[in-house]
Amino acid sequence: GKKAIQRALDLIERNQSGAVSRHSLDEIPGLVGKDDFPLMLMSTAGEYVREVGMKALGFGLNLHIFSSNVPVEDELDLKRLGREKGLLVMGPDSGTAIINGKGLGFSNALKGGNDVAVVGSSGTGIQELTVQLDRAGLGVSYAIDVGSNDMTKEVQGIMTEETIAFLNQRSSMLMIVCKKPDPSVREKIIERIKDRPSAFVSLGSNERYAAGKTYVTGMIDDAVEHALRLMGRKAPVEDSASHPSNFAGSGRKLLKGYFVGGSLCYQAQATLFKMGVPVYSNAPLSSEYELHDNFGGKNVCIDAGAEEYVVGRPHPMIDPRSRNSMLVKESDRDDVRVLLFDIILGYGSAENPLEELDGISSGPALVASICGTDRDFQNYADVERKLRKMGANVFSSAAKAATYSAELMRGDR
């Protein structure tokens with residue numbers, strides 16, 4: 001609304017240090033130096049992505065495609081041409097990127113460095129991974145979101161492989177994070193990277209093994225711990241709960257999880273299932289646990305950024321009020337034991353991610369994770385302090401928040 005427009009105007013005013021240059025596409029090749037990374041950001045209707053993207057690739061531009069609803073045939077045409085020209089095609093449906101330490105789209109303010117480079121087909125998975133690496137003291141040079149379809153059977157990981165080649169020699173370690181990769185693509189990618197220090201994170205998987213120099217796991221935190229061991233670094237101090245709960249005889253039996261990050265919703269489900277707490281979801285691990293209309297009496301993990309929740313309104317990372325109002329409503333119930341949720345900071349995310357959360361009740365145990373850093377303009381420490389004042393148990397990783405929630409559900413806490 002008006003606040004967002006005023007903030008944009010303020011930022012423009014603050015950066016008016018010189019004239020803005022405007023160039024047509026056919027002028028771009030003459031402006032690019034040998035060490036530059038020329039990039040076009042695309043957010044247009046899916047039906048026009050191929051036409052515009054093919055022309056941009058022809059002029060030597062890498063693509064970062066935010067657009068969704070792009071036909072898979074168009075995605076294949078773009079990625080095949082990108083491969084032919086040695087250019088990266090991030091997306092479609094690509095929300096985040098870090099290029100030589102600089103964040104694009106939904107990304108976080110990191111300290112930078114060349115310890116780790118990240119490739120992923122999972123936007124909030126990339127954010128969570130890069131934030132955890134940053135918190136552990138490891139520098140991230142690149143994070144390339146190849147789009148949610150890249151590791152499917154149809155697309156065959158074309159851009160994942162191209163990005164792996166691009167990142168060669170650009171970091172000490174490579175990490176890949178994805179969700180539901182096609183089995184044949186998964187094995188092809190692991191085979192491709194197994195001779196260099198690396199990790200392959202397939203969110204939701206229960207596997208944990210080494211394939212050559214590649215560590216395969218289903219958990220982001222586990223991959224970060226592996227990176228720390230590999231580089232001889234110490235892990236940061238663990239989080240601890242600040243609001244112990246006593247549910248004896250209360251009749252509170254249910255877990256309700258509401259996420260703005262789809263990948264974090266998916267990882268939470270895997271953690272809860274592994275610890276004996278089955279949950280239903282609109283983005284389930286398996287079809288057996290797919291949500292239908294009436295889910296009031298079930299344990300749930302809801303991806304509040306899924307299509308059915310964002311029709312006619314912004315994604316809850318941009319405007320958190322719709323998701324936060326769900327949390328407030330569920331907190332008033334007397335049968336909810338645990339209310340689990342994520343907060344995502346950084347570029348592109350809401351200036352106040354806690355907007356309209358003030359009315360939340362601490363009847364159920366409130367368990368929150370924050371994906372962000374103190375360098376993010378929302379400021380991690382400020383957000384954490386406000387959440388704790390509301391009565392929330394706050395964790396610096398989504399996996400730890402889910403683990404604590406499972407312990408509460410089992411009566412271990």
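Of the 413 residues in the protein, 54% are buried, that is, under 20% relative accessible area with a 1.4 Å probe and protein chains only. The model is predicted, with local features needing pLDDT of at least 70 and side-chain atom pairs counting only at pLDDT 80 or more, whereas totals for chains, interfaces and linings use all residues. Residues are numbered from 1 along each chain as its sequence is written, and side-chain values use heavy atoms, with hydrogens and water left out.

**Exercise 1. Overall fold**

Determine how many helices and strands the protein contains, and state what share of contacts with a separation of 6 or more joins residues 24 or more positions apart.

Solution. Step one: the secondary structure comprises 12 helices and 17 strands, taken as DSSP runs numbered from the N terminus (helices H or I, at least four residues; strands E, at least two). Step two: a contact requires heavy atoms within 4.5 Å. Among contacts with a separation of 6 or more, 70% are between residues 24 or more positions apart.

**Exercise 2. Helix α11**

Identify the buried residues of α11 and explain how they are arranged around the axis.

Solution. Step one: in α11 (residues 380–389), the buried residues are Tyr380, Val383 and Leu387. Step two: these residues lie on the same side of α11, because they cover an arc of only 70° around the axis, the arc being that of the directions from the helix axis to the C-beta atoms. An α-helix has 3.6 residues a turn, so residues three or four places apart point the same way. Step three: the cover over the buried residues of α11 includes α4, β15 (336–344), β16 (365–371) and β17 (392–395). Step four: consider the two ends. At the start of α11, a side-chain oxygen of Asn379 comes to within 3.1 Å of the backbone nitrogen of Ala381. After α11 comes Gly391, with a positive phi near 100°.

**Exercise 3. The largest pocket**

Describe the volume of the largest pocket and the make-up of its lining.

Solution. Step one: the volume of the largest pocket is about 1500 Å³. Step two: 43 residues line the largest pocket, and those closest to its centre are Ser68, Asp93, Gly305, Glu307 and His315. Here a pocket is an open set of points on a 1 Å grid over the protein atoms alone, with protein on both sides within 12 Å along at least five of seven lines, and lining residues have an atom within 4 Å of a point. Volume is the space filled by probe spheres set on the points, which are joined across faces, edges and corners. Step three: β5 (102–105), α4 (123–135), α8 and α9 (307–310) each provide at least two lining residues. Step four: the lining of the largest pocket has 15 nonpolar, 21 polar and 7 charged residues. Nonpolar denotes Ala, Val, Leu, Ile, Met, Phe, Trp, Tyr, Cys and Pro; charged denotes Asp, Glu, Lys and Arg; the others, Gly among them, are polar.

Note on methods
1 Å grid on protein atoms, 1.4 Å probe; cavity = no way out; pocket = protein on both sides within 12 Å on 5 of 7 lines; lining within 4 Å. Buried < 20%, exposed > 50% of the residue type's maximum accessible area, 1.4 Å probe, protein only. Polar contact = N/O pair within 3.5 Å; in protein donor to acceptor, adjacent residues only side chain to side chain.
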